[in-house]
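Let's take a walk through this chain, from its overall make-up down to a few single residues. Have the viewer open as you read.

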Amino acid sequence: MSRRSGILEFAVLGLLRESPMHGYELRKRLNTSLGIFRAFSYGTLYPCLKTLVANGWLIEEPGSVPALPPATGRGVAPASSLAGRRAKIVYRLTAEGKEHFEELLSHTGPDSWEDEHFAARFAFFGQTEREVRMRVLEGRRSRLEERLEKMRASLARTRERLDDYTLELQRHGMESVEREVRWLNELIESERSGRDQRRSSPESSTQHDTSGETGGLPRHREDTRPDPSDDTK
C-alpha cells in the first residue's frame, strides 16, 4: 500500500466513524475538511472504498432514491428518467472498521510526523487519546527542527551563490517551518497544561481521559495558525 492510499483510507475511516455517508458526501468532506485531498478524484476514492469493504471495515447500504423530476404534460415522467433513478450507496463503518481505525489512531511512529500524514492525523485529534496526541505533536516538532537545521546549514553554504529572489524563497521556506514549530510548541504546552490541571483537580480521580478531550487548545487569531498541509513546509 502506498503512503498516499494509506492516508486516504485513514481519513475515510475517520469520517465514517462520525456518520455513514455516500461517495459524494465523502469526497466533499475530504476536500473541505482535509485540504490535503483537494486534488484527488472519484477514480481514487471508489477503489479505496471497495478495498475497505473487501477488508470488512465498511459495508454498503442502499440510500434513499433521488426524487423524480417534474411530470410531463401527460402526468408521466419520461421513461429514461425513471430508469436512471438509482439509490446512492451509503457506506457505514463496521465494528471491525472502528476497531481498525482506533488501532491506526494509536500509531505514533515517524510516518505520523510527515507532512501529509500529520495533517490527516491532526484532523482527527478530537478522537485521539491525549498521550498519543502528545507523542505525535512532539515527533512532528522534532522532525521540523531537524528540517530547519538542515535548511539553515544549506543556506549558510549557498548564500553567496544565490540571487536575491532565490534567497528570499529560501527564507520564506524557513519562516514557514519556524512558524509551525512555534505553533506546535503552543499546542504541546496546552496539552501539558490541560493534563496537569486535571491531575490537580479533586474530580480527576473520577474522570477518564477520553479521546474527545482537546486539552485546552491555544487561542489564535485565524491568520496566525499554520495550515498542517501547507506545501511550503
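## Ground rules

This is a predicted model, so local features need pLDDT of at least 70, side-chain atom pairs count only at pLDDT 80 or more, and totals for chains, interfaces and linings use all residues. Numbering starts from 1 along each chain as its sequence is written, and side-chain values use heavy atoms, with hydrogens and water left out.

## The overall layout

The chain has eight helices and three strands. Both kinds of element are DSSP runs numbered from the N terminus: H or I of at least four residues for helices, E of at least two for strands. Reading from the N terminus, the order is α-β-α-α-β-α-β-α-α-α-α.

Of the 233 residues, 35% count as buried; that means under 20% relative accessible area, while exposed is over 50% and partly exposed lies in between (1.4 Å probe, protein chains only). As for contacts (heavy atoms within 4.5 Å), take those between residues at least 6 apart in sequence: 70% of them join residues at least 24 apart.

## Two nonpolar cores

A nonpolar core here is a set of buried Ala, Val, Leu, Ile, Met, Phe, Trp, Tyr and Cys residues joined through side-chain atoms within 4.5 Å. The largest one holds 24 residues, and Val-12, Leu-16, Leu-26, Leu-30, Leu-58 and Phe-124 touch the most other members. Two or more residues each come from helix 1 (3-18), helix 2 (23-33), helix 3 (42-54), strand 3 (89-93) and helix 5 (95-105). Helix 1 is the top contributor, with eight residues.

Zoom in on Leu-26: leaving out residues up to four places away in sequence, Leu-26 touches Val-12, Leu-15, Leu-16, Met-21, Leu-45 and Leu-49. There is also a second, separate core of 18 residues, with Val-132, Leu-144, Val-177 and Trp-183 among them.

## Helix 6 against helix 7

How do helix 6 and helix 7 cross? The axes of helix 6 (residues 115-123) and helix 7 (residues 130-158) come within 11 Å and cross at roughly 155 degrees. Axes are lines fitted to C-alpha atoms, for helices over the stretch in contact, with angles from 0 to 180 degrees between N-to-C directions. The two helices are therefore roughly antiparallel, a label for angles over 145 degrees.

On the helix 6 side, the contact uses Asp-115, Phe-118, Arg-121 and Phe-122; helix 7 brings Val-132, Val-136, Leu-137, Arg-140 and Arg-147. The tally is five nonpolar, no polar and four charged, where Ala, Val, Leu, Ile, Met, Phe, Trp, Tyr, Cys and Pro count as nonpolar, Asp, Glu, Lys and Arg as charged, and the others, Gly among them, as polar.

## A few residues up close

Arg-141 sits in helix 7 and is buried, at 19% relative accessible area. Not counting residues up to four places away in sequence, Arg-141 touches Val-181, Leu-184, Asn-185, Ile-188 and Arg-192. Arg-141 and Asn-185 are 44 residues apart in sequence, yet 7.8 Å apart C-alpha to C-alpha. Ser-142, also in helix 7, is partly exposed at 30%, and its C-alpha is 8.7 Å from that of Trp-113, 29 residues away along the chain.

Ser-176 belongs to helix 8 (residues 164-200) and is buried at 3% relative accessibility. Over in helix 1, Arg-4 is partly exposed at 34%; Arg-4 and His-117 are 113 residues apart in sequence and 8.4 Å apart in space, C-alpha to C-alpha.

Notes
Angles under 35 degrees count as roughly parallel, over 145 as roughly antiparallel, 65 to 115 as roughly perpendicular and the rest as oblique.
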